[in-house]
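Grab a viewer and work through these exercises one at a time. Try each task yourself before reading its solution.

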Amino acid sequence: MLKFERSRLLPVAALALPLLLAGCAGTVLRVAPHAELKVVDPVWTTAYITRNHGYLVYDTLFAMDENFEPKPQMVDTWTMSADKKIWTFRLRDGLKWHDGKDVTAADCVASLQRWSKRDGVGQQLFSDVESLSALDARTISLKLRVPNGDVLETLAKMSSNVPFMMPQRVAEADPSQPIQDTTGSGPFIFKKEGWVPGKTAVYIKNRNYVARVEPLSMAAGGKVPQADMIEWRYFPDQASMAQALIDGKVDYVESPSNKLVPTLEGKKDVVVASTDPLGNIGMARFNTLLPPFDNVAVRRAAAMVMQQEDYMSAALGDPKYWRTCYSVFPCGTTYSNNAASDVMKSTNLDAARKALQAAKYDGTPVVILNPVDSPVISAFTKVTAEKLRQIGMKVDVQDMDWATLTQRRANRGTGKDGGWSMFHTWWLAGDVMDPGFIAFSGDRENGWFGWPQDAELEKYRLAFKQAATQDEKKVLAAKVQQRLIEVGAFGILGQFFEPVAFSSHVTGITSPIQFYWNMSVELPWWKRMLRQVGKSWM
């Protein structure tokens with residue numbers, strides 16, 4: 001008979017117990033996001049990392065389906081008067097905040113009012129609002145001064161800034177300051193105690209969430225949370241992020257560097273794909289409040305160095321991932337046009353140098369905010385800095401992470417007070433498809449960072465909103481584009497199609513925005529156990 005010493009059985013039992021527990025544990029989805037989460041208020045900032053956070057934690061009154069048609073989300077029923085001036089919305093029964101309290105119409109009224117002060121489309125809607133009120137605990141009344149048949153499309157705005165609903169006590173906060181309270185009613189709950197900035201952010205399934213019964217369709221329909229827990233994990237560099245995917249330590253990488261894509265392609269259980277056919281639009285944004293870019297002639301001279309091929313080649317490399325596009329509205333979309341395209345195409349260092357001299361540039365340094373954790377944007381920065389120096393400008397590149405940049409860019413102060421001259425960014429093409437987009441604003445008080453002031457631009461944007469026909473809207477969109485280039489609001493750097501990378505075991509990939517409530521990872525039981533106990537034998 002074989003004999004076993006008790007002391008030798010203990011290590012085996014010690015290993016078996018966590019393996020057994022791991023087999024019973026819920027599904028954990030591990031994501032390497034494109035940036036660090038530092039700001040948790042998706043109404044205060046347009047940063048996509050915070051928008052993605054918002055979609056996990058909060059819900060919306062309406063949402064866009066895969067056909068880009070608005071569908072009810074938190075709303076059960078609604079009515080519109082014959083003259084399109086009076087709208088009434090009835091909330092679904094059973095909606096709860098994460099703290100267990102009922103969602104009320106008063107909460108939604110306060111949320112819409114706060115959102116309207118930060119978002120360009122919201123500002124345009126609320127410029128015509130006569131009253132917004134709660135008729136009872138579940139009924140919202142919206143009365144407009146003029147007819148508006150696009151209210152549902154506005155309330156279903158899919159990307160930054162999304163009109164997320166928050167408790168009244170939270171939504172009544174100053175819209176110029178980011179909130180810290182993350183109480184929502186969405187499919188996941190943000191675990192603040194598990195949030196370690198620069199390392200990880202944790203979301204757990206909201207088991208009290210009442211999903212709609214309709215099939216899921218992009219942002220609309222039944223948002224049934226698939227994973228039990230979602231972890232956002234941050235890495236010190238792109239190489240370690242890519243290796244973590246190869247090793248099975250993360251399941252999804254939002255923004256792999258194109259230089260590292262070849263190392264991921266062909267690897268076992270790794271998929272690399274472009275999921276958004278419209279892509280993204282690169283942008284260089286000027287601060288019009290401070291020298292040297294308070295001078296429109298200097299802004300236009302700087303824009304003359306921005307040859308799109310240089311930016312796209314530096315940031316994306318392989319031409320299969322990018323194209324030139326000489327329109328502020330993405331190529332391939334409804335309002336793309338040729339107004340001022342000759343200006344965008346005519347990039348020339350010698351001409352830019354002469355234009356800068358004619359503008360009487362006085363040598364004020366150009367302070368460029370550079371997010372070193374974003375491969376695409378930091379490549380944009382490098383190209384701009386080199387070209388501006390070549391035409392005689394002094395350049396001060398200040399390195400930081402993207403999360404810090406999204407806070408720093410809100411600073412309207414002088415250079416000694418943390419002010420800045422320009423930064424680069426990119427937008428989902430779907431965000432910049434019409435003149436209502438916040439970065440196209442010419443309203444310094446309520447517009448986006450960079451704050452250009454131009455009454456003519458605002459006149460065209462307002463006329464676009466009020467236009468009755470598609471032909472009228474196209475003419476006005478061209479006028480908006482012409483004026484944006486004339487005032488040097490920004491430079492367009494090209495249109496690109498950044499791939500994502502993920503485990504072949506991942507399900508629920510969506511486009512153009514990844515909605516993580518729908519994502520899960522289907523691993524064999526033994527891989528789940530090994531992951532749970534910290535192994536990487538994948």
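**Exercise 1: the pockets**

α7 (238–246), α13 (375–390) and β17 (422–428) each give at least two residues to the lining of the second largest pocket. A quick note on ground rules: this is a predicted model, where local features need pLDDT of at least 70, side-chain atom pairs count only at pLDDT 80 or more, and totals for chains, interfaces and linings use all residues. Residues are numbered from 1 along each chain as its sequence is written, and side-chain values use heavy atoms, with hydrogens and water left out.

Solution. Start with the terms. On a 1 Å grid over the protein atoms alone, a pocket is an open set of points with protein on both sides within 12 Å along at least five of seven lines, while a cavity is a set where a 1.4 Å probe fits but cannot get out; lining residues have an atom within 4 Å of a point. Points are joined across faces, edges and corners, and a volume is the space filled by probe spheres set on them. Helices (H or I, at least four residues) and strands (E, at least two) are DSSP runs, numbered from the N terminus.

**Exercise 2: the largest cavity**

Task: how many cavities of 30 Å³ or more are there, and what lines the largest cavity?

Solution. 

- Step 1: the count comes to 7 cavities.
- Step 2: the largest cavity has about 340 Å³ of space. Glu254, Trp426, Leu428, Val500 and Pro512 lie nearest its centre, out of 23 lining residues.
- Step 3: α2 (48–57) and β17 each give two or more residues, and α2 gives the most, with 3.
- Step 4: pick up Pro512 again. It sits in the loop between β20 (506–507) and β21 (520–521), and the peptide bond from Ser511 to Pro512 is cis, with omega near 5°.

**Exercise 3: around α13**

Solution. 

- Step 1: Lys387 lies in α13.
- Step 2: its relative accessibility is 11%, so Lys387 counts as buried (buried is under 20% relative accessible area, exposed over 50%, partly exposed in between; 1.4 Å probe, protein chains only).
- Step 3: leaving out residues up to four places away in sequence, Lys387 touches Val305, Asp310, Tyr311 and Leu349 (contact means heavy atoms within 4.5 Å).
- Step 4: β15, α13 and β16 form a right-handed β-α-β unit. Right-handed means that, with the strands pointing away from the viewer, the path from the first strand over the helix to the second runs clockwise.
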